[in-house]
Amino acid sequence: MSLYVKIKKTYTDFTLEAEFEAQNETMALLGASGCGKSLTLRCIAGIVRPDEGLIVSNGVTLFDSRKGINLSPQRRRVGLLFQNYALFPNMTVEGNIKAVLSKHGGRKNLHERFGRLARNFYFEGLENHYPSQLSGGQQQRVALARIMASDPSLLMLDEPLSALDSYLRWQLEDELARTLEGFPGDALYVSHNRAEARRLCDRVCVIDHGRFERARPTDELFESPETLASALLSGCKNYSRACRLTDGTVRAADWNLDLECSKTAPSGISHIGVRAHYISIVPADAETADGHGAANSFRCSVLKVTEDVFSTIVNVCPLGADPARDFSRIRAELPKGAAGAVKEGDVVLAVIRPDDIMPLRANVPIPASAKCDTI
C-alpha cells in the first residue's frame, strides 16, 4: 500500500504546496490552525480540486492535472472522518451504516456484515439510536464503522478527538489506536496536538503556512527538529534569533549571548531553540562551583516564578538582554520545589548544556532587518 501526493492549490491569500509519500503506515499531518491540513485531506478525497499536481493511491491515479484525471469522491475508496463525524442526523445507527454497506457489497449478507461492525466497534445495543442520542465516543465509533463499511484503501482522520473532553479523549484514543493498528492500508492523521501524533503515528509531516516539510519518524521530530516551525510544534518554548559564529559556537541575538553548541549549525541557521526542562537555575554565587562556571552559564534576572501542578516554572531574562524584545525571556521548567527560595527580582545563574541547543532554520526567508548580525 502506498500514497503519493504532490499538489498545489492557490487562494487569494493562501497557497498550499503539498508533497509527501506514505508507505503502509499511519502518518501525521501536524500544523497550526489554518496551515492547510484539512485542505490537503479534502483534495485527496476529491472534495476540493487542486490547481495542479498528482495524487496516486495504491497504484491508482486519483488526480493528475497534466492528464486530466480527476476521479469522483465515490470512486476514490478514501475514508474521511470529519471532526464532527458527519453522521446522517435523520438516520439511526443501523441506517447510517447499512446505507454505506448496501452501496459497497449490495444487500447480500447485509445484516451479518452490520453485526460484525457493531461488535468490532462496540455499539451493540445502540442500533436504533439517532446520532443526537449518542455520546461523543459512541458517535466516533459509529462514524469509524461507517467509514470501514465502505472498504476504504486509504483512511483519513481530521482531528477526530479535538471536540472531546480529556477523560473521554484517552478512552477513544485507545480505541482509535486499535483501529489504526488493524487497518491494512495507509492512514493520514491530521492534528495540531503533538502528543497525539507521537502516540498514534509512525511518521510525521510538519506543515507551515501551506508548505510541507520532509516526512520523518515521529520520535525524530521531538529529538532533533530542523526548523523553527517543527520545533514550535514539538513543544519547545525557548527561542532566540541566531547566527553561526564558528563550528562550535552560535550568537543568540535576543539573549545577547555567545553560546557553545554541540550540534553543527547549518549555514542557513536563523534561530536556536532550547527546551524548558533542559535549563538549570542555580544561585548566582555558584558560578565557580560544581562546574557551573563552564560553558553556557549566564546571569539572569528572575521575572516570574509559577508553581504548576507537577513543576515549578521560572521565567528569566539574561542581564545583557532587553526584556521587551521578542524571544528575550527564557522559561525554565524545574521539578516541583527545585527552585528553592528563588523569587521575582532575584539574580540567578542559568545553565544550558551545549548538547541541548537546537540550531534551527526558518521555513521562509528571513528579512534583512531581522537577521542576527543586524540586531
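Modeller: Here is a walk through the core, the helices beside it and then the cysteines.

Keep in mind that this is a predicted model.

Start with the core. The largest nonpolar core has 41 residues. Within this core, I97, F123 and L157 touch the most other members. Which helix gives the largest share? That is helix α4, residues 136-149, with 6 residues. In general, nonpolar side chains tend to be buried together in soluble globular proteins.

Now pick out L157. Set aside its neighbours within four places in sequence. L157 is then in contact with L41, L81, L144, L176, L180, L188, Y189 and V190. Another core lies apart from the largest one. This other core has 31 residues, including L3, V5, F14 and L16.

Take the two pairs in turn.

First, α2 and α3. Helix α2 covers residues 93-103, and helix α3 covers residues 110-120. Their axes are 10 Å apart, and the packing angle is about 120°. The two helices are therefore oblique to each other. The crossing of α2 past α3 is right-handed.

Next, α2 and α4. Here the angle is about 20°, and the axes are 8 Å apart. An angle under 35 degrees counts as roughly parallel, so α2 and α4 are roughly parallel to each other. Their crossing is right-handed.

Last, the cysteines. How many disulfides does the structure hold? The count is 0. C201 is in no disulfide, and its nearest cysteine sulfur, that of C205, is 12 Å away. C201 counts as buried, at 7% relative accessibility. What about C236? Its closest cysteine sulfur is in C261, 13 Å off, which is too far for a bond. C236 counts as buried too, at 4% relative accessibility. A disulfide is a covalent bond between the sulfur atoms of two cysteines.

Technical notes: Residues numbered from 1 in each chain as written. Predicted model: local features only at pLDDT ≥ 70, side-chain atom pairs only at ≥ 80, totals over all residues. Heavy atoms only, no water. Core = buried A, V, L, I, M, F, W, Y, C linked by side-chain atoms within 4.5 Å. Buried < 20%, exposed > 50% of the residue type's maximum accessible area, 1.4 Å probe, protein only. Helix = DSSP H or I, 4+ residues; strand = E, 2+ residues; numbered from the N terminus. Contact = heavy atoms within 4.5 Å. Disulfide = S-S within 2.5 Å. Axes fitted to C-alpha atoms, helices over the stretch in contact; angles between N-to-C directions. Parallel < 35°, antiparallel > 145°, perpendicular 65-115°, else oblique. Left-handed = near helix turned anticlockwise from the far one by under 90°.
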